[in-house]
Amino acid sequence: MPDLTRNGMQCNEFDSLLTDAIDGVLSGAALDRFRAHARACNNCGPLLAEAEAGRTWLKGLTEVEPPASMVANILASTTGVDTQRLWTQARIQPRISWWEHVQASFLEPFWATVRQPRFAMSFGMAFFAISVTLTMLGVKPADIRAIDLRPAAIRHTYYNTQARVIRYFDNVRPVLELNAALRSIKRTPPAEPGPAKQKERKNDTTQQPEQKQDRNYSQAGNQLILASAPAGPTVIDRSNPDRSNLDPSSPDLPVVSVTTYRRFV
Amino acid sequence: MEDVQVVAMLVRRCIAGDSAAWEEIVQTYNRRIYNICYRFAGSGDDAQDLTQEVFIKMYRTLVSYDPSKGAFVTWVTTITRNLLVDHFRKTKQDRMTDSMDSASSDHEDAQPLSEQIPDQSAPPDAHVRQREVSETVHQALGKLSPELREAVILRDLQDMDYREIATVLRVPEGTVKSRINRGRAELARLLQRTYRQVM
């Protein structure tokens with residue numbers, strides 16, 4: 001720093017007073033001379049501003065927390081006696097009984113699973129199904145005694161239940177057979193010509209094209225078709241004899257009266 | 001800062017083999033020593049190791065402490081400073097091979113200093129921002145020369161007076177003041193330069 005004199009103060013004097021000025025212990029005429037030099041000197045003015053800024057930055061730093069295990073490590077590496085107590089305090093865990101251990105290891109996870117709604121619903125449904133089954137079989141839990149749980153008693157109960165079920169079905173068998181007979185009678189349908197004719201048409205062996213056969217379906221039911229007509233059928237309209245195409249000059253031709261029972265659906 | 005008689009009693013009890021007294025000393029001074037080491041070394045792990053070394057040395061040389069020569073905290077700080085100087089000398093070669101822009105703190109992700117400056121346009125949570133600013137200042141502090149760094153740490157972070165600092169650093173009081181002024185100004189210039197890069 002150049003040793004310049006400005007406002008009656010040299011730069012090295014300014015430097016020595018800088019800490020006092022920043023600490024706030026400089027006062028009176030010395031402070032006035034200090035400020036005047038800071039305003040006039042191009043080197044010391046910025047130095048004052050930077051030093052104040054740097055102090056502000058550093059004062060903004062907070063204390064950092066040492067690691068929790070550091071004290072124990074220090075004591076372990078120095079005395080090594082009392083550290084056992086500190087390590088114990090740091091690592092000690094409450095003593096738990098075997099039942100609490102079992103409860104924490106097995107029961108709690110099990111109950112946490114069981115308490116889920118879907119499992120509760122499944123258990124409820126299973127209980128309901130078992131209850132209904134036992135009721136249908138005539139088994140009452142109140143009737144179950146210890147003596148009934150002997151193998152002979154269980155066998156006896158099994159045969160009794162089997163006999164009861166067989167008797168039940170023997171009793172209801174006539175009713176079921178009667179119902180079956182009535183149902184079969186009701187199911188017997190009356191004779192219907194329609195489907196039979198359709199079957200005949202399916203078994204048509206005339207080798208006629210389907211369109212030619214269908215062509216006749218457009219004729220009226222009371223029209224007569226002459227057999228062995230040379231070109232096209234001769235139709236005699238009985239309801240209106242004037243409109244018939246039958247030639248009156250050939251009365252010898254045989255006349256075949258065909259009545260179609262065509263059902264149009 | 002400390003009751004001289006109480007500390008002297010603690011020291012005497014420690015020397016006599018009272019482990020409880022030693023534990024009380026450790027509990028009282030571990031935070032202070034850890035912070036000095038952390039701010040000087042810049043690394044949490046190094047600070048923990050150095051703090052442990054300081055207490056080991058203190059435990060071994062406790063008989064040499066003379067209350068009439070100065071406060072116990074000054075004696076402790078002197079031991080700490082000497083170990084920090086030794087540590088600095090040992091790790092000097094390692095640091096020379098490091099990048100000048102590399103992070104020196106393990107409390108922050110390995111990012112260059114300029115990348116740790118918070119975004120000025122969209123300030124995040126105030127607490128996070130304050131933490132980021134503290135880390136930035138901590139990084140800048142690590143870039144000061146060790147003489148300036150130890151001076152500003154003892155003065156502005158540990159609130160020691162100039163005489164105690166002069167005792168610890170074994171330099172005249174005027175030198176201490178000069179180092180503190182230069183350290184503060186250099187830190188401000190570093191931070192100003194860093195923030196200007198971001199702006």
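In this predicted model, 30 residues of chain A are in contact with 34 residues of chain B. Buried residues account for 10% of the 265 residues of chain A and for 40% of the 199 residues of chain B.

**Interface, chain A side**

- Helix H1 (11–23), helix H3 (44–59) and helix H4 (70–78) of chain A are the elements that each give two or more residues to the side touching chain B.
- H3(A) supplies the largest share of that side, with nine residues.
- Sorted by class, the side of chain A that touches chain B holds 15 nonpolar, nine polar and six charged residues.

**Helix H3 of chain A**

- The 16 residues of H3(A) should span 22 Å at 1.5 Å a residue, and the end C-alpha atoms of this helix are 22 Å apart, so the two values agree.
- Buried positions in H3(A) are A:Cys44, A:Leu47, A:Leu48, A:Glu50, A:Ala51, A:Gly54, A:Arg55, A:Trp57 and A:Leu58.
- The charged residues A:Glu50 and A:Arg55 are thus among the buried positions of this helix.

**Nonpolar core**

- The largest nonpolar core contains 63 residues, of which B:Val26, B:Cys37, B:Ala151, B:Ile165 and B:Leu187 touch the most other members.
- Helix H2 (residues 19–41) of chain B gives the largest share of this core, 11 residues.
- In soluble globular proteins, nonpolar side chains tend to be buried together.
- Beyond its neighbours within four places in sequence, B:Ile165 is in contact with B:Ala151, B:Leu154, B:Arg155, B:Met160 and B:Val176.
- One of these partners, B:Ala151, is also listed with B:Ile165 among the core residues that touch the most other members.
- Another partner of B:Ile165, B:Arg155, is a charged residue.

**Element order and contact range**

- Along the sequence, chain A follows the pattern β-β-α-α-α-α-α-α-α-α-α-α-β-β.
- In chain A, 41% of the contacts with a separation of 6 or more are between residues 24 or more positions apart.
- The elements of chain B run α-α-α-α-α-α-α-α-α from the N terminus on.
- In chain B, 65% of the contacts between residues at least 6 apart in sequence join residues at least 24 apart.

Technical notes. Residues are numbered from 1 along each chain as its sequence is written. Chains are lettered from A and ligands numbered from 1 in the order in which they are written. This is a predicted model: local features need pLDDT of at least 70, side-chain atom pairs count only at pLDDT 80 or more; totals for chains, interfaces and linings use all residues. Two residues are in contact if their C-beta atoms, placed from the backbone, lie within 7 Å. Helices (H or I, at least four residues) and strands (E, at least two) are DSSP runs, numbered from the N terminus. A nonpolar core is a set of buried Ala, Val, Leu, Ile, Met, Phe, Trp, Tyr and Cys residues joined through C-beta atoms within 7 Å. A residue is buried if 20 or more other C-beta atoms lie within 10 Å of its own, exposed if 12 or fewer, and partly exposed in between; C-beta atoms are placed from the backbone. The expected span of a helix is 1.5 Å times one less than its number of residues.
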